[in-house]
Amino acid sequence: MIIFKTISQIRNHIFKLKKQGKTIGFVPTMGCLHDGHLSLVRAAKKETDIVVVSIFVNPIQFGPKEDLKKYPKNLSRDIKFLENEDADILFLPSARQMHKNQLTFVEVDKLGKVLCGRTRPGHFRGVATVVTKLFNIAQPDIAYFGQKDAQQLIIIKKMCRDLNFPIKIKGLPIVRERNNLAMSSRNSYLTPQEKADAAVLYNSLLLAKKLISSVEKNSLTVKAKMRKLINKVPSINLDYIEIVNPNNLEPVSKINGRVLIAVAAWVGKTRLIDNILC
Ligand code: AMP
């Protein structure tokens, strides 16, 4: 695996690969890799000639009171994991290189203002901006994202359509821990007790799925039952439960088609998200 730390170096290399007709698969991450990230690398490995992974803890997607400074890092382990998966290129830019004196930003308007956007204003603007930059640098044919960050995936797909990026965006299923908690780099903040408690988030999504597939079509009732289950666990503080149209994130009150059920909550001091499509 070749590691590049500067934009000009990786650009030159990608230019040569493209000239040889190689297809590029791209997996953007913030590091502290786990099986969720690696599932994306594996998919890219199957479908493209050259797999580029980026590790960049993007400062402009963190709010002033969020965990930018303590975001978990484990670069030597990440490199080993990526070498095991036979990734071809790792891009490790510095924040200075990526955002110094930056005045241009990308915003996917209303999609970035709902769900997590309410609690994290500016977050999706930071994400869309950095993904745009990384796409321009890595020039992928296919880029791989996790369904874990469902809102992010929808926003990136829309951004690519709106701005005519010639890139196919692939969304891959959520990889989970043994207790069904969605894998996340932030799970490393959790105590064993908090990890066990956090399993209720997925259980609430399963409950919703069961209710909807039986008779319940009223979103308010489904959300109330989910809230009741989650509130039984005192260490958990709900941010939101939403039932929305998976294409445009608009709220659905009467469920008669496919919906995205998304939940966000603080477990102790750690904010976690999860979702299910049904
Ligand atoms: P992050 O490092 O958190 O920015 O995540 C990088 C990519 O990995 C994003 O596309 C995430 O959606 C994806 N990802 C993170 N956790 C998981 C998971 N548990 N299962 C599948 N994909 C994931």
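Student: At what angle do H6 and H7 pack, and how far apart are their axes?
Tutor: In this predicted model, H6 and H7 pack at an angle of about 55°, and their axes are 11 Å apart. That angle makes H6 oblique to H7.

Student: Is the crossing right-handed or left-handed?
Tutor: The crossing of H6 and H7 is right-handed.

Student: Which residues make the contact?
Tutor: Helix H6 contributes Phe124, Val127, Ala128, Val131, Thr132 and Phe135, while H7 contributes Gln151, Gln152, Ile155, Ile156, Met159 and Cys160. By class, the contact of H6 with H7 has nine nonpolar residues, three polar ones and no charged ones.

Student: Turning to the largest nonpolar core, which residues touch the most other members?
Tutor: They are Val52, Phe135, Ile156, Met159 and Ile169, in a core of 46 residues. Helix H6, residues 123–138, gives the most to this core, with nine residues.

Student: What does Phe135 touch?
Tutor: Leaving out residues up to four places away in sequence, Phe135 touches Phe26, Pro140, Ala143, Phe145, Ile156, Met159, Cys160, Phe165, Ile167 and Ile169. There is also a second, separate core of 25 residues, which includes Val200, Leu201, Val222 and Val233.

Student: Next, H8 and H9. How do their axes cross?
Tutor: The axes of H8 (residues 192–214) and H9 (residues 219–230) come within 9 Å and cross at roughly 150°. The two helices are therefore roughly antiparallel. H8 passes H9 in a right-handed crossing.

Student: Which residues meet there?
Tutor: From H8 they are Val200, Leu201, Asn203, Ser204, Leu205, Leu207, Ala208, Leu211 and Ile212, and from H9 they are Val222, Lys225, Met226, Leu229 and Ile230. The residues of this contact divide into 11 nonpolar, two polar and one charged.

Student: What about Gln147: is it buried or exposed?
Tutor: Gln147 counts as buried because its relative accessibility is 16%, and the cut-off for buried is under 20%. Gln147 lies in the loop between strand E5 (142–146) and helix H7 (150–162).

Student: Which residues does Gln147 touch?
Tutor: Not counting residues up to four places away in sequence, Gln147 touches Leu153, Leu172, Pro173, Ile174, Leu260, Asn275 and Leu277.

Student: Which phi value does Cys32 have?
Tutor: Cys32 has a positive phi of about 55°, although it is not a glycine. Cys32 sits in the loop between strand E2 (24–29) and helix H2 (35–47). With a relative accessible area of 9%, Cys32 is buried.

Student: And what is the phi of Leu249?
Tutor: Leu249 has a positive phi of about 65°, although it is not a glycine. Leu249 is found in the loop between strand E7 (236–244) and strand E8 (260–267). At 3% relative accessibility, Leu249 counts as buried.

Student: Last topic: where is Ser235?
Tutor: Ser235 is in the loop between H9 and E7. Ser235 is partly exposed, with a relative accessible area of 26%.

Student: What is in contact with Ser235?
Tutor: Leaving aside neighbours within four places in sequence, Ser235 is in contact with Asp197, Trp266, Val267 and Gly268.

Student: And what separates the C-alpha atoms of Ser235 and Lys69?
Tutor: Those C-alpha atoms are separated by 24 Å, and Ser235 and Lys69 are 166 residues apart along the chain.

Terms used
Residues numbered from 1 in each chain as written. Predicted model: local features only at pLDDT ≥ 70, side-chain atom pairs only at ≥ 80, totals over all residues. Heavy atoms only, no water. Axes fitted to C-alpha atoms, helices over the stretch in contact; angles between N-to-C directions. Helix = DSSP H or I, 4+ residues; strand = E, 2+ residues; numbered from the N terminus. Parallel < 35°, antiparallel > 145°, perpendicular 65-115°, else oblique. Left-handed = near helix turned anticlockwise from the far one by under 90°. Contact = heavy atoms within 4.5 Å. Nonpolar A, V, L, I, M, F, W, Y, C, P; charged D, E, K, R; others polar. Core = buried A, V, L, I, M, F, W, Y, C linked by side-chain atoms within 4.5 Å. Buried < 20%, exposed > 50% of the residue type's maximum accessible area, 1.4 Å probe, protein only.
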